[in-house]
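The sequence and structure come first.

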Amino acid sequence: MPANRRSVNVMDSTGTNMSVCGPWVRYDSWYGYTDGFGTFQVTFDKFVGKFMIEATLSLDPNPSCTTNSDGFGVIPENPQGDVNQDINAIFPNITFYDDEDNTQDLFVKEDPVDPLREDFFIGEIAAGADGNANNTWYPDGSLWITVPYTGTRAYSIKGNFSHVRVRVDRSAVGDGTTYKPDYGQINRVILST
């Protein structure tokens with residue numbers, strides 16, 4: 001799928017898929033352009049999980065969605081949130097805790113009998129008005145959203161990449177395989193170059 005100086009849809013709704021990646025889309029280097037600038041528009045709907053923008057220098061990238069594919073994660077030029085520079089940072093497995101009043105469902109380290117503030121995932125209990133407290137980018141290029149987020153964000157990247165794609169990985173959410181409506185979805189991702 002080409003993205004030659006226009007906007008293209010790079011991922012449709014994730015729906016009930018726990019983990020999915022979009023197809024590789026030809027990027028600037030493929031066409032001989034050298035500015036390498038592009039912007040992804042991502043529409044989140046109560047989304048919880050890991051979102052990644054991946055790029056590759058390969059002219060014929062492996063379409064596999066495994067972690068051993070040809071791609072690598074890219075942290076946007078405008079991450080709109082925190083960036084964790086700890087190269088050894090690993091996002092822990094988290095479970096879903098429903099407070100049963102439909103007001104504040106959160107992800108916690110374990111399902112507490114009498115929940116205390118420290119039981120909840122560190123520093124990510126609630127998003128600020130701009131959502132930044134719920135937005136952390138990790139060195140592998142992944143954005144972790146731990147509190148259900150609804151909204152549209154734009155993430156710009158720059159690089160001499162031949163192809164790009166996006167990935168959703170929720171292997172660390174719940175049991176990693178069973179989708180629950182509380183995990184939300186990404187409705188659409190558009191790329192403009």
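## Burial and surface

Of the 193 residues in the chain, 45% are buried, where buried means under 20% relative accessible area, exposed over 50% and partly exposed in between, with a 1.4 Å probe and protein chains only. The accessible surface of the chain is about 9500 Å², and carbon and sulfur atoms account for 48% of that area; areas come from the Shrake-Rupley method with a 1.4 Å probe, and for residues only the protein chains shown count as cover.

The model is predicted: local features need pLDDT of at least 70, side-chain atom pairs count only at pLDDT 80 or more, and totals for chains, interfaces and linings use all residues. Residues are numbered from 1 along each chain as its sequence is written, and side-chain values use heavy atoms, with hydrogens and water left out.

## Fold

The chain has 1 helix and 12 strands, these being DSSP runs numbered from the N terminus (helices H or I, at least four residues; strands E, at least two). Their order along the sequence is β-β-β-α-β-β-β-β-β-β-β-β-β.

Of the contacts (heavy atoms within 4.5 Å) between residues at least 6 apart in sequence, 73% join residues at least 24 apart.

## Strand 10 and its partners

Strand 10 (residues 142–158) has 12 of its 17 residues buried, so it is largely enclosed by the rest of the structure. Strand 4 (residues 37–56) pairs with strand 10 in the antiparallel sense over 13 bridges; pairing requires at least two DSSP bridges between two strands. Phe51 has Leu143 in strand 10 as its bridge partner.

Strand 9 (residues 136–137) also runs antiparallel to strand 10, joined by 2 bridges. Here Thr136 has Trp144 as its bridge partner.

## Salt bridges

The count of salt bridges is 3, each defined by a side-chain nitrogen of Lys or Arg within 4 Å of a carboxyl oxygen of Asp or Glu. One of them joins Lys50 and Asp169, at 3.5 Å from N to O. Lys50 is in strand 4 and Asp169 in strand 11 (residues 163–169), 119 residues apart. Both Lys50 and Asp169 are buried.

Glu54 forms a salt bridge with Arg165, with the closest N and O atoms 2.7 Å apart. Glu54 belongs to strand 4 and Arg165 to strand 11, so this pair ties together parts 111 residues apart in sequence. Glu54 also meets Arg167 in a salt bridge at 2.9 Å, N to O. Arg167 too lies in strand 11, so the pair with Glu54 in strand 4 ties together parts 113 residues apart. Glu54 is buried at a relative accessible area of 4%, and Arg167 is buried at 7%.
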